[in-house]
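Here are a few exercises to work through with the model open beside you. Try each task before reading its solution.

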Amino acid sequence: MPAAASSLKTLRDTLKRRSFDGAYYITGEDDYQKEDAVRQLIDGALEPAEKDFNLDIRRGGELDAETLGVLLSTPPMMAERRVIVVRDAGAIRKDARKALDQYLTKPAPDTLLLLVAAAGAKPDSALSGSTTALQFDHLTGDRIPRWIAHKASTEFGVTITQPAIELLQAAVGSDLHQLAGELDKLASYVDLNGQEIGEEAVAAVVGVRRGETQSDLLDAVADRNAGRALELVPHVLAQPKTTGVSIVMALSTQMLAISWGRARLDEGVPRARLAQEYFDLLRETGAFTGRPWGSATAVWARAAERWNRESLDHAVDTLLEADIALKESRVSSEEQLLATVILSLCASGEKSAAA
């Protein structure tokens, strides 16, 4: 079982049993999931009225051995346990770390210690071995729809249809902070309207309609439909947290994927197997697709036959130049630059098809 899935199971089992280990070491690249795990553990261990006197949240670099010793030895006040959260645990000073290591050999039964590592921090094998380790890395594209459905039902108490999940993911991508925020607004919207979250609700609240998402723009470019792609550019740019850079990045991922598929076809892989080959590649790399894996792999497999090596190399070079221009602020209009890029890509594809 992948580390993230195993960690989620451990967390859910812990909260269901309300039986906590003495210390948890929470690591990984996904800060949203780590903070959500910390919140759930705190809420599961303490009643709201108990938090004022039984919850301490500190940063590792601020703790010396004496301060940490006091925190760890203080008994709970009118509660079953205390909770101590240490953020950026990798920054704990040497004297405090020595005290921590000694404490972890025999944690207090009435204290719950949560050690949270910063994203990008090198995992500490000693802490992993002396605590219950929970690792949360970014969710892969195939897990985002399940996360949306679970979040909607467990935290917001609403159901969401599969088409609405797909539209929401196409509009927002894999940013869990933003997805949770949109689900919060959607839950309030449907509560007023007495219905489950459907596509109409996503269109009304998020401001995106089916057929006008970044996924639709990617599909149009993959199909070399320049007119359709150009029509979509202003709609996609108007969506929350969408920029010229993010669109170019998504196009780059797609063109690299199509290039990989073209190479597999040239090696003799049957067309019928290509979608499964893409799934295997995504499981191995965890590449960001910005939409459900099923729709991404179907488009890539279809498009791989329509592009040759020359046109794909041209596309990647064009997108690299566009990325540099956008990041160096050398353009006055993102929409204009994207239009030029799309015309170049689609024209190249048409020449390839005609060759």
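**Exercise 1. A loop residue**

Task: Find where T242 lies in this predicted model, decide whether T242 is buried or exposed, and list what T242 is in contact with beyond its neighbours within four places in sequence.

Solution. Step one is the location: T242 sits in the loop that runs between α12 (226-237) and α13 (244-266). Step two is accessibility. The relative accessible area of T242 is 13%, and the cut-off for buried is under 20%, so T242 counts as buried. Step three is the surroundings: with neighbours within four places in sequence set aside, T242 is in contact with Q214, V236, L237 and I247.

**Exercise 2. Two helices side by side**

Task: Describe how helix α4 (residues 65-73) and α5 are arranged, and name the residues through which they meet.

Solution. Begin with the geometry. The two axes come within 7 Å and cross at roughly 30 degrees. Angles under 35 degrees count as roughly parallel, so α4 is roughly parallel to α5. Next, look at the residues: α4 contributes A65, L68 and L72, which meet D95, A96, A99, L100 and Y103 of α5. Finally, sort this contact by class: seven residues are nonpolar, none is polar and one is charged.

**Exercise 3. Salt bridges**

Task: Take the pairs D101 and R97, R264 and E267, and E277 and R273, and work out how accessible each partner is.

- D101 and R97 form a salt bridge at 2.8 Å, N to O. Both belong to helix α5 (residues 94-104), four residues apart, so about one helical turn separates them. D101 is partly exposed at 33% relative accessibility, whereas R97 is buried at 19%.
- R264 and E267 are joined by a salt bridge of 2.5 Å, N to O. Here R264 is partly exposed at 22%, and E267 is exposed at 57%.
- E277 and R273 also meet in a salt bridge, at 3.1 Å, N to O. E277 is buried, with a relative accessible area of 12%, while R273 is partly exposed at 41%.

Salt bridges can also share partners: D36, R39, D43, K51, K151 and E155 are joined into one network in this way. Over the whole structure, the search finds 28 salt bridges.

**Exercise 4. Aromatic rings**

Task: Count the aromatic pairs, then classify the pair of Y32 and W147 by its ring geometry.

Solution. First, the count comes to four aromatic pairs. For Y32 and W147, the ring centres are 5.9 Å apart and the planes are at 75 degrees. Planes over 60 degrees apart count as edge-to-face, so this pair is edge-to-face. Now place the two residues in the chain: Y32 is in helix α2 (residues 31-45) and W147 is in helix α7 (residues 144-154), so the pair links distant parts of the chain, 115 residues apart. Then check accessibility: Y32 is buried at 13%, and W147 is buried at 14%. To finish, look for rings that group together: ring pairs link W260, Y278 and W300 into a cluster.

Definitions and conventions
Residues are numbered from 1 along each chain as its sequence is written. This is a predicted model: local features need pLDDT of at least 70, side-chain atom pairs count only at pLDDT 80 or more; totals for chains, interfaces and linings use all residues. Side-chain values use heavy atoms; hydrogens and water are left out. A salt bridge is a side-chain nitrogen of Lys or Arg within 4 Å of a carboxyl oxygen of Asp or Glu. Buried means under 20% relative accessible area, exposed over 50%, partly exposed in between (1.4 Å probe, protein chains only). Axes are lines fitted to C-alpha atoms, for helices over the stretch in contact, and angles run from 0 to 180 degrees between N-to-C directions. Angles under 35 degrees count as roughly parallel, over 145 as roughly antiparallel, 65 to 115 as roughly perpendicular and the rest as oblique. Contact means heavy atoms within 4.5 Å. Ala, Val, Leu, Ile, Met, Phe, Trp, Tyr, Cys and Pro count as nonpolar, Asp, Glu, Lys and Arg as charged, and the others, Gly among them, as polar. Rings of Phe, Tyr and Trp (its six-membered ring) pair if their centres lie within 6.5 Å; planes under 30 degrees apart count as stacked, over 60 as edge-to-face and the rest as tilted.
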